Amino acid sequence: TTVVDARFCKPLDTALVRRLAKEHAALISIEEGAIGGFAAHVMQFLTMDGLLDGGLKFRPMTLPDRWIEHGDYTEQLSTAGLTSGHIAGTALRILGRKDEASKYVLSTLR
């Protein structure tokens, strides 16, 4: 397991993304941004570099493309599917451990 804080989107650290893609069976990006942000840049690179051709799994977790009411930050994350439970469930599901993933709150976004 590796956790990376990307800190910035551009320029994309392609050497780091390439290394992670080669060392792991699955990658998950998590951002409090809209669809089309950091994850889109990562997916574009993974695709153009051929890194998704060998079975690497990639799941972006972003804010959904719908209105989220103003309010408590924790409630907003829950509504968006970005809580620690959602992240854990997504990680287990991408690794094929669906029974374990069911113990966590799973994102309704697929």
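These notebook entries record what I looked up about salt bridges in a predicted model.

**Entry 1. Count.** I looked up how many salt bridges the structure holds and found three. I then took each pair in turn.

**Entry 2. D49 and R18.** I found a salt bridge between R18 and D49, with 2.9 Å between the closest N and O atoms. I next asked where the two residues lie. D49 sits in the loop between helix 2 (38–48) and strand 2 (57–61), while R18 belongs to helix 1 (residues 14–23), so this pair ties together parts that are 31 residues apart in sequence. I also checked accessibility. D49 has a relative accessible area of 33% and is partly exposed; R18 is partly exposed as well, at 29%.

**Entry 3. R19 and E23.** I noted a salt bridge joining E23 to R19, its closest N and O atoms lying 3.3 Å apart. Both residues are in helix 1, and because they are four residues apart there, about one helical turn separates R19 from E23. For R19 I recorded a relative accessible area of 42%, which is partly exposed. For E23 the value is 51%, and the residue is classed as exposed, because the cut-off for that class is over 50%.

**Entry 4. E100 and R97.** I looked up the pair formed by R97 and E100, whose side chains meet in a salt bridge at 2.8 Å, N to O. E100 is partly exposed, its relative accessible area being 33%. R97 also counts as partly exposed, with 38% relative accessibility.

Definitions and conventions:
Residues numbered from 1 in each chain as written. Predicted model: local features only at pLDDT ≥ 70, side-chain atom pairs only at ≥ 80, totals over all residues. Heavy atoms only, no water. Salt bridge = Lys/Arg side-chain N within 4 Å of Asp/Glu carboxyl O. Helix = DSSP H or I, 4+ residues; strand = E, 2+ residues; numbered from the N terminus. Buried < 20%, exposed > 50% of the residue type's maximum accessible area, 1.4 Å probe, protein only.
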